[in-house]
Amino acid sequence: MANVAVIGAGAWGTALAKLLADKGNPTALWAHHGELAERIGRERQNDRYLPGVELPASLRATGDLEDALRGAELAVVVVPSHALREVVREAGRHIPRDALVCSATKGIENDSLMLMSEVLVDELGREAEPRLSYLSGPSFAREVAAGQPTTVVVAGRSERETHAVQRMFATDRFRVYSSDDVVGVEVGGALKNVIAIAAGICDGLGFGHNARAGLITRGLAEIGRVAAAKGANPLTLAGLSGMGDLVLTCTGELSRNRTVGIEMGRGRKLDEILAGLGHVAEGVKTAKSAHDLADKLGVSAPITIEVYRMLYEGKPPQQAVVDLMTRALTRE
Ligand SMILES: NC(=O)C1=CN([C@@H]2O[C@H](COP(=O)(O)OP(=O)(O)OC[C@H]3O[C@@H](n4cnc5c(N)ncnc54)[C@H](O)[C@@H]3O)[C@@H](O)[C@H]2O)C=CC1
Ligand SMILES: O=C(CO)COP(=O)(O)O
């Protein structure tokens, strides 16, 4: 057993904390708002982000980062990507020197265009790199919390530490693969959210299965190009944090990113949709980063570019479809 700190009490942080606590690990769950931490402690559930899921006695919630991280052997960081740098900067002062650190956040930082792995190294220092890993793959929080069979991948640059994290998370319902392709796993997890918004838009416009299957496939092609240009093994994108997460998020009713797309396809305004969502939809911010990153790398990413234009330039979805379908014909 190990002392665990889960930093971020959203849906995913809560589900992962429950999983680790259910395995018998003393687990501290840090919530950004102290008031939520108090409610979790009192009611034994996270009524804001994962209502109806009972949390075990081995899980305690706190609003104090130092308290959460005291004596931690594994720190799992699961805050939205736009908050990761700030939270890790603060957490870095309290993470024990030999603790393993695993990020389960999916996104690419705006402006710096850094992957979460690059932000972590930036904030925690190059010497921390062997202890850092990244968990990704098709995993809706609610299904994991319900004990539904789920498969994910943990990527890290040091085999020993990555395997240790793999074993810490694995259960008979949560199968964890390992990988040494940090960039591939991270790019797959981040960019699939942008394609999921596109898939939702297709549904919202009333298109059928052909459109969705085409988007998943061509979306994977462009994710693979961006990942390869960043130095990833393109084959990683055929795995759980690529094809796996694309299929889930482009087809699953539980996806927040797909939901945003559906509402946009139905003609609702983005601000209004996000205000009513109650959760983060990473694909919205990642669309901007991915648009800029593809441009910087000189990589063709037509679906991502159209999602960016719909989100940030008010381009009508119908026009985006016409423009995508009538691009110069090319080979697969
Ligand atoms: N929900 C899911 O099924 C999955 C989510 N993820 C990823 O996990 C990350 C977190 O997502 P969820 O837990 O679902 O989010 P959520 O939308 O359920 O909750 C967001 C959490 O972030 C906190 N937060 C907001 N602003 C903050 C700030 N400035 N500083 C610190 N904390 C802040 C909120 O208090 C809340 O705890 C995202 O990158 C998401 O893509 C990955 C796999 C599955
Ligand atoms: O990343 C996820 C599942 O793997 C969750 O996707 P959404 O954020 O679209 O709900």
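1. Start with Lys192. In this predicted model, Lys192 sits in helix α8 and counts as buried, because 33 C-beta neighbours fall inside 10 Å, where 20 or more is enough for that label. Not counting residues up to four places away in sequence, Lys192 touches Ile223, Asp245, Leu246 and Thr249.

2. Next, have a look at Ser139. You'll find Ser139 in the loop between β6 (132-136) and α6 (141-145). Ser139 is buried too, since 23 other C-beta atoms lie within 10 Å. Leaving aside neighbours within four places in sequence, Ser139 is in contact with Val144, Thr150 and Val152.

3. Both residues turn up in the UniProt record. Its "binding site" annotation, from an unreviewed entry, covers Lys106, Gly137, Ser139, Lys192, Asp245, Ser255, Arg256 and Asn257.

4. Now for ligand 2. There are 14 residues around ligand 2, and Ser139, Thr249, Ser255, Arg256 and Asn257 come nearest. Helices α8 (182-204), α10 (240-251) and α11 (256-265) are the elements that each give two or more residues to this shell.

5. What is the shell around ligand 2 made of, by class? It has 4 nonpolar, 5 polar and 5 charged residues. At least three shell residues come from domain 1 (4-180), and at least three from domain 2 (190-325).

6. One last item from the record: an unreviewed UniProt entry annotates residues 181-321 as "domain: Glycerol-3-phosphate dehydrogenase NAD-dependent C-terminal". Over residues 181-321 the chain is 75% helix and 0% strand, with the end C-alpha atoms 33 Å apart.

Terms used: Residues are numbered from 1 along each chain as its sequence is written. Chains are lettered from A and ligands numbered from 1 in the order in which they are written. This is a predicted model: local features need pLDDT of at least 70, side-chain atom pairs count only at pLDDT 80 or more; totals for chains, interfaces and linings use all residues. UniProt positions are given in the numbering used here, feature names are shortened, and annotations may be inferred rather than shown by experiment. Helices (H or I, at least four residues) and strands (E, at least two) are DSSP runs, numbered from the N terminus. A residue is near a molecule or strand if its C-beta atom, placed from the backbone, lies within 6 Å of it. Ala, Val, Leu, Ile, Met, Phe, Trp, Tyr, Cys and Pro count as nonpolar, Asp, Glu, Lys and Arg as charged, and the others, Gly among them, as polar. Domain bounds come from an automatic or database domain assignment. A residue is buried if 20 or more other C-beta atoms lie within 10 Å of its own, exposed if 12 or fewer, and partly exposed in between; C-beta atoms are placed from the backbone. Two residues are in contact if their C-beta atoms, placed from the backbone, lie within 7 Å.
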